[in-house]
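Happy to walk through this one with you, one question at a time.

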Amino acid sequence: MPFYKSIQINATTTAYFWQITEDVTSLFRAVSLKDTSLFRLEGMKSEEHQKGFLAVRMLLQHLGYTDYDLTYDEAGKPHLNYEARSTKYENENPSPITHHPSPNQKHISISHSHEFSCICISDELMGIDLEKLKEKTLKIAPRFMEVKHLENLPVSEQMEKATVIWGVKESIFKIKNEKGISFPEHIFENEFCLPDGKCSAELHFNNTIEKFKIHFYKVEDYIFVCAFPNN
Ligand SMILES: CC(C)(COP(=O)(O)OP(=O)(O)OC[C@H]1O[C@@H](n2cnc3c(N)ncnc32)[C@H](O)[C@@H]1OP(=O)(O)O)[C@@H](O)C(=O)NCCC(=O)NCCS
């Protein structure tokens, strides 16, 4: 199965999903990788991880980028060379996916979980997380969130809400990209209801409080979360 779908989160932010049904060899043959990526791929212990990594490159190619346009900083945060696409691809191939006119800076965030890989591209700084719904997240909820936020909900909704909150914390972590941030000690979700699809959270770290606004969606049996700094 190729490209699965996109979600337009706001005017300049879109998330793209790849449903991985291919084997590693087919994915590997379909992408072109730079040496550092080949090296990373060879070092991955599980096929699932390799497939998730390669599916991210399939998404990049789908959008007119290549693996060569993606770089990582020392902490592992990805960065996109947007100029590469705008000159190589966009001028010659009017894309089925429209990007708004913007400076040559685009932000990217990446997540993979089981049979889905996801990338989000935006003019704004943001972080994403994709997480499969599973009982374990509910079991470990007291370790990372305020369990009072799960009160009076049926178990299935408790699991969804705990997964959203997990995703909120992962997404904020990906925005900040700073050592020492602890999910239970520094990131606090505000109360919200699942049908809203939106919530907010605060990071209390290094004597400052930063606010974040969050959008979340159910995609098959996964929760997708996208967080933005709320300045
Ligand atoms: C880095 C981290 C956020 C990755 O999340 P994950 O759920 O394991 O994996 P995901 O698939 O969602 O995300 C992986 C992607 O995140 C991105 N990423 C990795 N490090 C990152 C960082 N420092 N900042 C932003 N993005 C980062 C990468 O693009 C990576 O994919 P790729 O290397 O294939 O390109 C996570 O491992 C982490 O360190 N979390 C914080 C630690 C923590 O506090 N845990 C729980 C305490 S209760």
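Q: In this predicted model, where is I20 placed?
A: Strand β2 covers 13–19 and helix α1 covers 24–30. I20 falls between these two elements, so its place is the loop between β2 and α1.

Q: Is I20 buried or exposed?
A: The relative accessible area of I20 is 9%. The cut-off for burial is under 20%, so I20 counts as buried.

Q: How many Å apart in space are I20 and F224, C-alpha to C-alpha?
A: Along the sequence, I20 and F224 are 204 residues apart. In space, their C-alpha to C-alpha distance is 16 Å.

Q: H114 is not a glycine, so what is its phi?
A: H114 is partly exposed, with a relative accessible area of 39%. Its phi is positive although H114 is not a glycine, with a value of about 50°.

Q: Which loop holds E220, a residue other than glycine with a positive phi?
A: Phi of E220 is near 50°. E220 is partly exposed at a relative accessible area of 46%. Strand β10 covers 208–219 and strand β11 covers 222–229, and E220 is found in the loop between β10 and β11.

Q: How are α2 and α3 oriented to each other, roughly parallel or roughly antiparallel?
A: The axes of helix α2 (residues 35–43) and helix α3 (residues 47–62) come within 9 Å. They cross at roughly 155°. Angles over 145 degrees count as roughly antiparallel, so α2 and α3 are roughly antiparallel.

Q: Is the crossing of α2 and α3 left-handed or right-handed?
A: On the α2 side, the contact is made by S37, R40 and L41. On the α3 side, Q50, F53, L54 and R57 take part. The residues of this contact divide into three nonpolar, two polar and two charged. As for its handedness, the crossing of α2 and α3 is left-handed.

Q: What relative accessibility does S37 have?
A: The place of S37 is in helix α2. Not counting residues up to four places away in sequence, S37 touches F53, R57 and D67. S37 counts as buried, and its relative accessibility is 4%.

Q: Which backbone nitrogen does the side chain of S109 reach?
A: S109 lies in strand β5 (residues 107–113), where S109 is buried with a relative accessible area of 4%. Beyond its neighbours within four places in sequence, S109 is in contact with C118, I119, C120, M126, G127, I128 and K174. At 3.0 Å, the side chain of S109 reaches the backbone nitrogen of I128.

Q: Which strand holds V225?
A: At 0% relative accessibility, V225 counts as buried. Leaving aside neighbours within four places in sequence, the contacts of V225 include G127, I128, V164, V168 and I214. V225 is found in strand β11.

Q: What is the relative accessibility of I175?
A: I175 lies in helix α7 (residues 155–176). Among its contacts, neighbours within four places in sequence aside, are M126, G127, F212 and F228. I175 counts as buried, at a relative accessibility of 6%.

Q: What distance separates the C-alpha atoms of A201 and E191?
A: A201 lies in strand β9 (residues 198–205) and counts as buried at 2% relative accessibility. Leaving aside neighbours within four places in sequence, A201 is in contact with residues including V168, I172, F188 and F212. A201 and E191 are 10 residues apart along the chain, and their C-alpha atoms are separated by 8.9 Å.

Conventions:
Residues are numbered from 1 along each chain as its sequence is written. This is a predicted model: local features need pLDDT of at least 70, side-chain atom pairs count only at pLDDT 80 or more; totals for chains, interfaces and linings use all residues. Side-chain values use heavy atoms; hydrogens and water are left out. Helices (H or I, at least four residues) and strands (E, at least two) are DSSP runs, numbered from the N terminus. Buried means under 20% relative accessible area, exposed over 50%, partly exposed in between (1.4 Å probe, protein chains only). A polar contact is a pair of N or O atoms within 3.5 Å; within protein, one must be able to donate a hydrogen and the other to accept it, and residues adjacent in sequence count only if both atoms are side-chain atoms. Contact means heavy atoms within 4.5 Å. Axes are lines fitted to C-alpha atoms, for helices over the stretch in contact, and angles run from 0 to 180 degrees between N-to-C directions. Angles under 35 degrees count as roughly parallel, over 145 as roughly antiparallel, 65 to 115 as roughly perpendicular and the rest as oblique. A crossing is left-handed if the near helix is turned anticlockwise from the far one by less than a right angle, and right-handed if clockwise. Ala, Val, Leu, Ile, Met, Phe, Trp, Tyr, Cys and Pro count as nonpolar, Asp, Glu, Lys and Arg as charged, and the others, Gly among them, as polar.
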